[in-house]
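Q: Hi, I'm new to this one. Could you walk me through it?

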Amino acid sequence: MTTITKAEQMITVHTRARMEGNVIPEKYLKGLDAEWQEMWTNHGKDMQGAHLVTIEEFRQCPEKYSFTYPTWTGPEVHHVQDYQVPVSNPEGSIACRVYTPAGPGPFPVHLNFHGGGWVLGGLQSEAAWCRSICNGSSIVVIDVDYRLAPEHPYPIALYDCWAAVQWAHTSAHTLNINPNSISIGGLSSGGLITAVLAHFARDFSPPLELKLQLMVVPATDMRYVPLSITDAEPLTPQNCPYPSAIFCSDLPWSPLARESWFLNYYIGTDEKVRSEILSDWRMTPVLSSSLEGLAPAHIVTAEFDVERDEAEHYGQLLREAGNQVTMKRYAGVPHAFAHYNHPTRGLSKSREYIKDTTKLLSKVHGTSQRDEMA
């Protein structure tokens, strides 16, 4: 288990005091989504950032550090069932929640890998999206509850999710799914998992043909994230190639300090080990030596997001390697905008994202699209 000292995971007292009010800095006001500004000012400004406490403190009271006001549990679906799926390295099991639409089947299937920096999150994180897609695209959606750090550090999450993909493929009859119509996707850390698993699927023998890899605000290159925010030099074009990371580094809702907090738990704080892991393409997909022949990709980015430019850079690399790639940047919104999908309290851009992905997954799987918010 990774041990992190207070100094390593806390930001300076001065910076903490400045951020406790969560006031939006002036530089972000131009172009920021008006709904998000109002929502954050009225309902998010008093939320405490998880990166300001230890993981043990977070687990004692998760709601204290989670902005849940604009989130939603999702619509009712025809059938929901949890399965325990065996995993290895280390051996154990993970839960996979299977959402099945009405109808005879067999259905296409999409596997979702939730966000949360490999440290937070679970089967509730993207339940509303999974339920909406199940209904709207008439496909089975499998939400994967992979194991989390610090108890299960890198690269355990990757191989848990790959085990889930293989389980779905081999359990097609039991799950009433079409093993020839599989797509995968995930948000943030789940987006990185998706990028890596697209390689695993291509290199599997025989190759596992995926209909789509859906990467939502994915992390694809976190080498610029400092070990310690307390001692780090500010990001500049000299030490970071991504303007969005530089510009968005002090966002009150998802600052660079949060990225550091996640990484310190997932890959540890030993500088040599950390450097080796960040040099591995499985942690930094932009370093992959072979990007050819991957599944069609769709990449979602958010304008006010540290990780925006690295995600779009990865999309460009995929295109240059000859892959089919589409991308959409949602203007004015934060990294986790896709979670803020409550029918009345959420963001319009989040509901737009649900509509967009419903349409996309219906298209790639050849199903009819329905009202996904019902």
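Q: Which residues does Thr220 touch, leaving out those up to four places away in sequence?
A: Thr220 touches Thr284, Pro285, Val286, Glu310, Ala311 and Tyr314. Contact here means heavy atoms within 4.5 Å. This is a predicted model, where local features need pLDDT of at least 70 and side-chain atom pairs count only at pLDDT 80 or more, while totals for chains, interfaces and linings use all residues. Residues are numbered from 1 along each chain as its sequence is written, and side-chain values use heavy atoms, leaving out hydrogens and water.

Q: Where is Thr220 found?
A: In the loop between β6 (210-216) and α9 (243-247); helices (H or I, at least four residues) and strands (E, at least two) are DSSP runs, numbered from the N terminus.

Q: And why does Thr220 count as buried?
A: Because its relative accessibility is 0%. Buried means under 20% relative accessible area, exposed over 50% and partly exposed in between, with a 1.4 Å probe and protein chains only.

Q: New topic: how many residues are in the largest nonpolar core?
A: That core has 105 residues, and Leu111, Phe113, Trp118, Ile142, Val144 and Met283 are those with the most contacts inside it. A nonpolar core is a set of buried Ala, Val, Leu, Ile, Met, Phe, Trp, Tyr and Cys residues joined through side-chain atoms within 4.5 Å.

Q: Which helix gives the largest share of this core?
A: Helix α6 (residues 156-170), with nine residues. Apart from this core lies another one of 13 residues, including Ala198, Met215, Val286 and Leu318.
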